[in-house]
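Dear colleague,

Please find below the structure that I am handing over to you, together with its sequence. My findings follow directly after it.

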Amino acid sequence: MAAAPVAEGAPEEPRDSSSSAESLDRLYPTVGSTKPPRKRTTSQCKSEPPLLRTSKRTIYTAGRPPWYNEHGTQSKEAFVIGLGGGSASGKTTVATMIIEALDVPWVVLLSMDSFYKVLTKQQQEQAASNDFNFDHPDAFDFDLIIATLKKLKQGKSVKIPIYDFTTHSRKKEWKTLYGANVIIFEGIMAFADKELLKLLDLKIFVDTDSDIRLVRRLRRDISERGRDIEGVIKQYNKFVKPAFDQYIQPTMRLADIVVPRGSGNTVAIDLIVQHVHSQLEERELSVRAALASAHQCHPLPQTLSVLKSTPQVRGMHTIIRNKETSRDEFIFYSKRLMRLLIEHALSLLPFQSCTVQTPQGQDYEGRTYSGKQITGVSILRAGETMEPALRAVCKDVRIGTILIQTNCNTGEPELHYLRLPKDISEDHVILMDCTVSTGAAAMMAVRVLLDHDVPEDKIFLLSLLMAEMGVHSVAYAFPRVKIITTAVDKKVNDLFRIIPGIGNFGDRYFGTDAPPDWSDDEDALST
């Protein structure tokens, strides 16, 4: 059964030559087999892909990330969309449009271009003279693609190679992606392997006119990849066009949905998004279900520990919450609160009985920390203000840092910098951020620690001030993480500011100006 094109006239069925069919037999499942056909459905770069969907409509999900169930263990696999089509057909643009229209939490865009094989010296010389075929299935590392996609689908972190198209080689550094709710995998050979096809829940083919694809490829390769027009046309005629006819166009028949005209077909995008939403609802992964859970009234979790509100503590809160307080006073009393908060947190660490002898020769039945080591991890920038207080009370404490920033183009929080001590998996980790509003940055930081094998019950999230929303979000997502703060405020307004709140902690502490649309998580997301 042929895939149904959307909102356009049906394209001609691809005519397979005998050579094409022979080449494809080893790659594609037999069409017309006894296996029942999938239900057909009619129906927005390749730079740093978004890690978490956190637009103003979805940032407060208060729901468990998709890789966990209510018991804190992984339950559901991610929904994987395969996006195939010819070179420069508009696959990335279509993927971006789908991501924006889906508006659900935790979406990852994975590009096949990252998985070109490492070239030999001879192959690099061929590539430099436009004589290497990058549009052949053998140019891609399918084993790495499949292993990577399997791990992502299971909610695990993966290392992604970074390919440099100007030098035709992989860079030394790799980037990290984390488990997701929806994974969009795009590439010219997205449907070119039987094992890879098994991982795709929905297959979309972007069908764009060959002349348009050639013009786009010329513009891209000349402006972005340093090629000359003669070389691009030579490569197109020698490799790109024949490969499209032999390897790519025939995969259109494997697609569940064909999108004529690519990103220009907004009707198709809308219908695809509706279909994906229905699939997510069936899997109970939809944002609607998360929002429904978010707005239910729940008692504060047992994993939350709030510093006792003594007159002294309340007096310090009065000072730092007062908008008239000078910066010097704000810093002084914030540091006092940080010290009390950290000492309170240390009292919750595991201790065991021990006996020591006093200078008078008498035994004393005491207590000693029973863990291996304590490591502090600050979420930059505000979290680093808590490091001196931690060092003051913990001898030889190790410190790590995490920087999470929002991509100004996509609105997505992205992991920009990570420095963690070795063997952190054996430590109790004090995760520090000064304010937690929605919990978006905190949840992402916890996820990073989990992916470095830190046990969930050894993570202590410390914050001077939290909103109930953030408490519920973190506790529901990670039920064994201990949450420790000096106060919990009940409300978060439409701009995600804690009410009554403390203001933008980082700006008040460092003496910088807050942007007009800051939120209390901005210290972590927009430094």
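Lys 490 is exposed, with a relative accessible area of 64%; throughout, buried means under 20% relative accessible area, exposed over 50% and partly exposed in between, with a 1.4 Å probe and protein chains only. The model is predicted, so local features need pLDDT of at least 70 and side-chain atom pairs count only at pLDDT 80 or more, while totals for chains, interfaces and linings use all residues. Residues are numbered from 1 along each chain as its sequence is written, and side-chain values use heavy atoms, with hydrogens and water left out.

Salt bridges

The structure holds 13 salt bridges, a salt bridge being a side-chain nitrogen of Lys or Arg within 4 Å of a carboxyl oxygen of Asp or Glu. One of them joins Lys 490 to Glu 468, at 3.0 Å from N to O. Lys 490 sits in the loop between β20 and β21 (491-492), and Glu 468 belongs to helix α14 (residues 468-477), 22 residues apart. Helices (H or I, at least four residues) and strands (E, at least two) are DSSP runs, numbered from the N terminus.

Arg 321 and Asp 489 form another salt bridge, with their closest N and O atoms 2.9 Å apart. Because Arg 321 lies in helix α10 and Asp 489 in strand β20 (residues 488-489), this pair ties together parts that are 168 residues apart in sequence. Arg 321 is partly exposed at 24% relative accessible area, whereas Asp 489 is buried at 7%.

Lys 203 and Asp 256 also meet in a salt bridge (3.8 Å, N to O). Lys 203 is in strand β7 (residues 202-207) and Asp 256 in the loop between α7 and β8 (257-260), 53 residues apart. Lys 203 is buried, at 8% relative accessibility, and Asp 256 is buried as well, at 1%.

Helix packing and cores

Helix α10 (residues 311-321) packs with helix α11 (residues 327-346) at an angle of about 145°, their axes being 9 Å apart. Axes are lines fitted to C-alpha atoms, for helices over the stretch in contact, and angles run from 0 to 180 degrees between N-to-C directions.

The largest nonpolar core has 44 residues, of which Phe 140, Leu 149, Phe 185 and Met 189 touch the most other members. A nonpolar core is a set of buried Ala, Val, Leu, Ile, Met, Phe, Trp, Tyr and Cys residues joined through side-chain atoms within 4.5 Å. Helix α4 gives the most to this core, with 5 residues. A second, separate core of 39 residues includes Ile 320, Ile 331, Leu 462 and Ile 502.

Backbone geometry

Most residues other than glycine have a negative phi, and most peptide bonds are trans. The bond from Ile 499 to Pro 500, however, is cis, with omega near 5°, and Pro 500 is placed in the loop between β22 (498-499) and α15 (505-510). Asp 396 has a positive phi, near 60°, and is found in the loop between α12 (387-393) and β13 (398-406). Asp 423 has a positive phi of about 60° and lies in the loop between β14 (413-419) and β15 (428-432). Asp 396 is exposed at 58% relative accessible area, and Asp 423 is exposed at 54%.

Kind regards
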